[in-house]
Amino acid sequence: MEVFLIKLAQLILALSILILLHEGGHFFFAKLFGIRVEKFYMFFDWKFSLFKFKPKNSDTEYGIGWIPLGGYCKISGMIDESFDTEQMKRPAQPWEFRTKPTWQRLLVMIGGVLVNFLLALFIYSMILFYWGDTYIPVKDMTLGMKFNQEAKSYGFKDGDILVGTDKRTFKEFSANLYRDISEAKRVDIIRNGKPLSINLPGELNMLNMLKADPAFVRPLMPAVVDSILPGSPAAKIGMKKGDKILAINDSPIDSYNEFIDQLGRRQDLLLTSKTAADSLKARTVVIAFGNDARTDTTAVMLTPDLKLGFTIQSLASLYKPVTREYGFFESFPAGVKYGWSVLASYVDDLKYVFTAEGAKSLGGFGTIGNLFPADWDWYVFWKMTAFLSIILAFMNILPIPALDGGHVLFLLYEMITRRKPSEEFMIRAEYVGFGIVLLLLVVANLNDILRSLGIM
């Protein structure tokens with residue numbers, strides 16, 4: 001429960017910052033051009049609000065709604081998600097959105113997206129200034145990588161050290177490494193101290209590479225015990241720090257990766273168990289472990305979630321991370337470059353959304369919440385907030401009615417044709433767009449529920 005609350009608190013704080021500033025972008029330009037803002041709300045206040053107040057001599061009511069699905073800035077004379085059509089039947093007033101020049105209305109509509117995008121770049125810049133850029137160079141991972149069968153079919157071998165592709169040198173082990181390999185026609189490696197190249201088709205499916213079990217490529221981790229959890233199965237069989245896992249059920253173990261893969265196969269047996277005896281059988285394995293002085297082989301019952309109860313060294317313990325530090329002014333161009341690469345990668349990955357597997361990968365608030373760490377970490381929090389800010393900016397500028405991008409599309413049409421879409425058309429478009437957004441929310445959050453139930 002504590003982990004859930006910490007993740008929830010981070011999610012709420014991040015979304016609150018993003019929503020407040022996004023709507024603040026609309027609010028700023030509206031006020032700049034003398035447009036009346038009737039409501040400025042964090043979250044939606046359908047039927048009632050948790051809190052509201054209206055300053056004296058102000059036209060704007062500020063408040064907090066009870067439906068945490070976003071927020072809104074209700075602007076006079078504008079057809080928006082409030083679906084207030086009565087105001088449109090009255091004579092147009094000089095303080096209303098609909099009476100302002102097209103270019104002013106356009107700036108009001110892109111204000112939120114602009115603020116979110118600039119916010120992301122600013123946060124990335126400040127992260128680089130305060131923490132620097134710390135990572136483990138892939139070429140320094142001297143134990144190499146562990147590959148699945150698909151990767152091996154292309155010519156990779158366990159222990160290969162990845163260097164780069166025909167396009168660029170690998171920086172760190174991340175999703176970008178998968179993206180580079182998926183698009184590469186040549187991957188440069190070091191095998192047994194000798195440089196080699198492996199030819200690839202240049203059009204691998206990155207989503208399948210990531211979702212494969214085991215994954216296409218992972219850093220090879222030694223199956224060497226670093227610590228034992230008290231009372232765990234590992235402690236009961238006398239396993240000690242420094243011991244190496246040698247085999248499971250007579251299957252040799254060459255790495256911690258292989259150990260996890262073997263336990264994954266036990267998971268399949270556990271899921272198909274029909275009786276308590278079947279479950280106990282799936283949880284019971286014969287482990288061979290030891291060191292240079294001894295070797296022990298014993299049967300052990302794993303925990304219900306198939307854990308033995310030991311930890312290994314982290315990547316940061318195996319390899320020395322490098323840190324590049326940035327001065328204050330130096331951090332801004334670096335932050336802009338980093339933020340732009342994040343946006344470009346996100347846009348490039350959208351092609352997978354239109355596949356069956358991609359649709360299953362959509363996630364709602366549960367998925368977003370799980371991206372935050374179990375312990376409060378300001379570095380990760382701000383990095384996630386910047387990422388969500390870029391996503392919010394991009395999603396909002398999509399040409400879907402009810403989103404900012406839909407309004408921008410109609411305004412561009414008006415600027416080009418000198419004709420304004422009818423109010424009836426705008427209302428219908430708003431309903432359609434709202435329906436699309438609602439459907440996406442339902443699908444994304446339904447995926448979360450199905451994943452939590454083990455159905456997907």
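Helices (H or I, at least four residues) and strands (E, at least two) are DSSP runs, numbered from the N terminus. With that in hand, here is the chain. It has 16 helices and 15 strands. This is a predicted model, where local features need pLDDT of at least 70, side-chain atom pairs count only at pLDDT 80 or more, and totals for chains, interfaces and linings use all residues. Residues are numbered from 1 along each chain as its sequence is written, and side-chain values use heavy atoms, with hydrogens and water left out.

Overall dimensions next. The C-alpha trace spans about 90 × 50 × 40 Å along its principal axes. The chain has 456 residues, and 42% of them count as buried. Buried means under 20% relative accessible area, exposed means over 50%, and partly exposed is in between (1.4 Å probe, protein chains only).

Now the surface. Leu-13, Phe-129, Tyr-130, Trp-131, Phe-328, Phe-329, Trp-376 and Trp-378 make a nonpolar patch of about 890 Å². The rule for such a patch: residues with over 30% relative accessible area and no salt bridge, with nonpolar side chains (Val, Leu, Ile, Met, Phe, Trp, Tyr) joined within 5 Å and like charges within 9 Å. The areas come from the Shrake-Rupley method with a 1.4 Å probe, and for residues only the protein chains shown count as cover. Helix 3 (102-130) and helix 11 (328-349) each supply at least two of the patch residues. Leu-13 sits in helix 1 (residues 2-32). Leu-13 is partly exposed, at 32% relative accessibility.

On to charges. Side chains of opposite charge can pair when their charged atoms come close. A salt bridge here is a side-chain nitrogen of Lys or Arg within 4 Å of a carboxyl oxygen of Asp or Glu. The whole structure has 22 of these salt bridges.

Which parts does the pair of Asp-254 and Lys-146 tie together? First, the contact: these two side chains form a salt bridge at 3.1 Å, N to O. Asp-254 lies in the loop between strand 11 (251-252) and helix 8 (256-271), and Lys-146 lies in strand 4 (residues 145-147), so the pair ties together parts 108 residues apart in sequence. Lys-146 is buried at 4% relative accessibility, while Asp-254 is partly exposed at 46%.

Another pair is Arg-324 with Glu-330, with closest N and O atoms 3.8 Å apart. Arg-324 is partly exposed at 46%, and Glu-330 is partly exposed at 40%. There is also a network: salt bridges that share partners join Lys-146, Lys-152, Asp-158, Asp-254, Glu-258 and Arg-265.

Last, the spaces. On a 1 Å grid over the protein atoms alone, a cavity is a set of points where a 1.4 Å probe fits but cannot get out; a pocket is an open set with protein on both sides within 12 Å along at least five of seven lines; lining residues have an atom within 4 Å of a point. Grid points are joined across faces, edges and corners, and a volume is the space filled by probe spheres set on the points.

One cavity reaches 30 Å³ or more. The largest cavity holds about 40 Å³. Its lining is Pro-222, Val-224, Ile-312, Gln-313 and Leu-318.

The second largest pocket has a volume of about 260 Å³. Of its 15 lining residues, Phe-97, Arg-98, Arg-105, Lys-420 and Met-426 are the closest to its centre. Helix 15 (404-417) and helix 16 (423-452) each give two or more residues to that lining.
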